Amino acid sequence: MDARDGGGILVTGWFSFLHGEATAGDVLALARVEEVLRDADLAYDVVWSPGFRADGIHFADVDPAAYSRLVFVCGPVHGPQVEELHRVFAHCVRIAVGVSVVDPGSPAVTGFHRVLARDAAGAAPGLDLAARAPALPGVPVVGVVLTHGQHEYAGRRRHEEAAAVLTRWLGGLDCARLELETRLDAHDWRLCGTPAQFEAVLSRLDLVVTDRLHGLVLALRAGVPVLAVDPVEGGAKVTAQAVACGWPAVVGAGRLDAALREGVLEHWWRWCLTDGRAEAARTGARFRADDAVTDAADALVAALGPAGRPA
């Protein structure tokens, strides 16, 4: 909502500073403030850090004289960056809303004409602005399970190239990405310590993107659709396991760039989030059925033969 008419409102926050920080909470707090301003038919502009939104309005683009009021949203009001706002926009009425007041006597705080604090010494705390932000659209939650190992494949390894293509592609999609690791560790709190813990995470996802055999198998076991990439030139165990599972959404490393250009990755992405959901559920149920497909363990007892004598 363009407000650059000499009397408009400029909305700022820590998300505006070049070396600031755009947190989910701050941006939701901004959305709550924008909602209030729109409902009141007040024109405003938002300043963004160029590192967060390159296509937004940045302080370098702003003519301070175009505004009569400045609103600072969320976060703590302290430090030289906030103090600089008071100097540059000295002619504006300056209001801080939904902020934390750490030092009420600091120039960063006293420079505002009004401080509508969420928390400050001696005052009852108020609800954070993010709590009442407008409802958000749903986005898929995607587990990303990649490996940079498997050096046994030597010259056929395309792991680094595959990971680079996949992560760049995923970075441009509107989804919540969750990096996962199949490796278990009882001493590292960041990793799962048991298969049950890992499966609990998988079961809550909408989709898994992986170049690991067990990323594929364990996701399907949990009934979650998988977009699998075989990182070995010519195909290896990921492709073989996709065939064994009857799972179609697999792309070979040698075709990955072409798959990206030709929309193959996008095709499997959409399929996994639609028809693939039911197919993954059926596949997981088939693994658990009494008449499930056989695996190598079914032949183990016969292979062992009599005690001490392999068959």
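## How do we know? Reading this predicted model

Q: Why is K237 called partly exposed?
A: Buried means under 20% relative accessible area and exposed over 50%, with partly exposed in between (1.4 Å probe, protein chains only). K237 has 32% relative accessibility, so it counts as partly exposed. This is a predicted model, in which local features need pLDDT of at least 70, side-chain atom pairs count only at pLDDT 80 or more, and totals for chains, interfaces and linings use all residues. Residues are numbered from 1 along each chain as its sequence is written, and side-chain values use heavy atoms, with hydrogens and water left out.

Q: Which residues is K237 in contact with, and what makes something a contact?
A: Contact means heavy atoms within 4.5 Å. Setting aside neighbours within four places in sequence, K237 has Q150, E152, Y153, L213 and D230 as contacts. K237 lies in helix α7 (residues 237-245); helices (H or I, at least four residues) and strands (E, at least two) are DSSP runs, numbered from the N terminus.

Q: How do you know that the length of α10 agrees with that of a helix?
A: The expected span is 1.5 Å times one less than the number of residues. Helix α10 (residues 275-288) has 14 residues, so it should span 20 Å, and its end C-alpha atoms are 21 Å apart, which agrees.

Q: Which residues of α10 are buried, and why do we say they share a side?
A: The buried ones are G276, A280, T283 and G284. They cover an arc of only 95° around the axis, so they sit on the same side of α10; the arc is that of the directions from the helix axis to the C-beta atoms. D275 and R288, on the other side of α10, are exposed. The cover over the buried residues includes α6 (213-221), α7 and α9 (264-272).

Q: What makes β1 and β3 a pair?
A: Two strands pair if DSSP finds at least two bridges between them. Strand β1 (residues 8-13) and strand β3 (residues 67-73) have 6 bridges, in the parallel sense, so they meet that definition. G8 stands opposite Y67 in β3.

Q: Why are β2 and β5 said to stand at the edges?
A: The open sheet has 5 strands in the order β2-β1-β3-β4-β5, with parallel pairing. β2 (44-46) and β5 (114-120) each have a single partner strand, so one side of each has no neighbour in the sheet. On average, neighbouring strands are turned by 15° against each other, direction ignored. Helix α1 (residues 24-39) packs on this sheet, and its direction makes about 165° with that of β2; axes are lines fitted to C-alpha atoms, for helices over the stretch in contact, and angles run from 0 to 180 degrees between N-to-C directions.

Q: How do you know that β6 is mostly covered?
A: Of its 5 residues, 4 are buried. Strand β6 runs parallel to β7 (residues 176-180), joined by 5 bridges, and V145 has L180 as its bridge partner in β7.

Q: What makes a group of residues a nonpolar core, and how many residues has the largest?
A: A nonpolar core is a set of buried Ala, Val, Leu, Ile, Met, Phe, Trp, Tyr and Cys residues joined through side-chain atoms within 4.5 Å. The largest has 43 residues, and L227, W247 and W269 have the most contacts inside it. Helix α4 (residues 159-171) gives the most to this core, with 6 residues. A second, separate core of 21 residues includes Y67, V82, V109 and F112.
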